[in-house]
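Work through the exercises below with the sequence and the model in view. Each task is followed by its solution.

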Amino acid sequence: MHPPLISTMTLVAELFIFGSISYVFYKGYEGRIFPFGLAYFAIAYEVVFNIGYMAYRSVGLKQTSALSENLKKLGMAHGILSLIVFIALVIFLALAIKNYKKGMNYFKVHSSLTFLLLAFWVISLSSGILLYIKAYF
């Protein structure tokens, strides 16, 4: 089965967004520069494209009876985890931006939370890659 072009494009774009957010976290943690524009772009992209895509696919997965139960469960787990990570990311970045403007390095002050959020995003991203591979290959 060939993967739909939109699924492939979304996966590749998500890898770039992950790289962008990782860069924002790195630069914010380093403390010299906070790339506000990149942070805003990554969040906007996630809202407009990825959440929209996940909603579109969740409706499509319910209608597709050919998918195994395990694949459906993986899709649901990925979707729920991705949504939780996204909400946490928005809150975390909003607090980081607010505090960075006040001169406080939110990433260093909350370094455990910073790395925990990135770890959960890696898990979410990995589950999405696994879902893509299992669904189409």
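**Exercise 1.** Which residues form a nonpolar patch on the surface?

Solution. The model is predicted, so local features need pLDDT of at least 70 and side-chain atom pairs count only at pLDDT 80 or more, while totals for chains, interfaces and linings use all residues. Residues are numbered from 1 along each chain as its sequence is written, and side-chain values use heavy atoms, with hydrogens and water left out. The patch is formed by Leu83, Ile87, Ile91 and Leu95, with about 330 Å² of accessible area together.

**Exercise 2.** Classify isoleucine 91 as buried or exposed, or in between.

Solution. Buried means under 20% relative accessible area, exposed over 50%, and partly exposed in between (1.4 Å probe, protein chains only). Isoleucine 91 has a relative accessible area of 49%. Therefore isoleucine 91 is partly exposed. The residue lies in helix 3 (residues 69–101).

**Exercise 3.** Find the salt bridge of lysine 27 and classify both partners.

Solution. A salt bridge is a side-chain nitrogen of Lys or Arg within 4 Å of a carboxyl oxygen of Asp or Glu. Lysine 27 pairs with glutamate 30, the closest N and O atoms being 3.2 Å apart. Both lie in helix 1 (residues 5–30), three residues apart, about one turn of the helix. Lysine 27 counts as buried at 14% relative accessibility, and glutamate 30 as partly exposed at 24%.

**Exercise 4.** Which other salt bridge is formed by glutamate 69?

Solution. The side chain of glutamate 69 meets that of lysine 72 at 3.9 Å, N to O. The two are three residues apart in helix 3, so about one helical turn separates them.

Conventions
Patches are made of residues with over 30% relative accessible area and no salt bridge: like charges are joined within 9 Å, nonpolar side chains (Val, Leu, Ile, Met, Phe, Trp, Tyr) within 5 Å. Accessible areas come from the Shrake-Rupley method with a 1.4 Å probe; for residues, only the protein chains shown count as cover. Helices (H or I, at least four residues) and strands (E, at least two) are DSSP runs, numbered from the N terminus.
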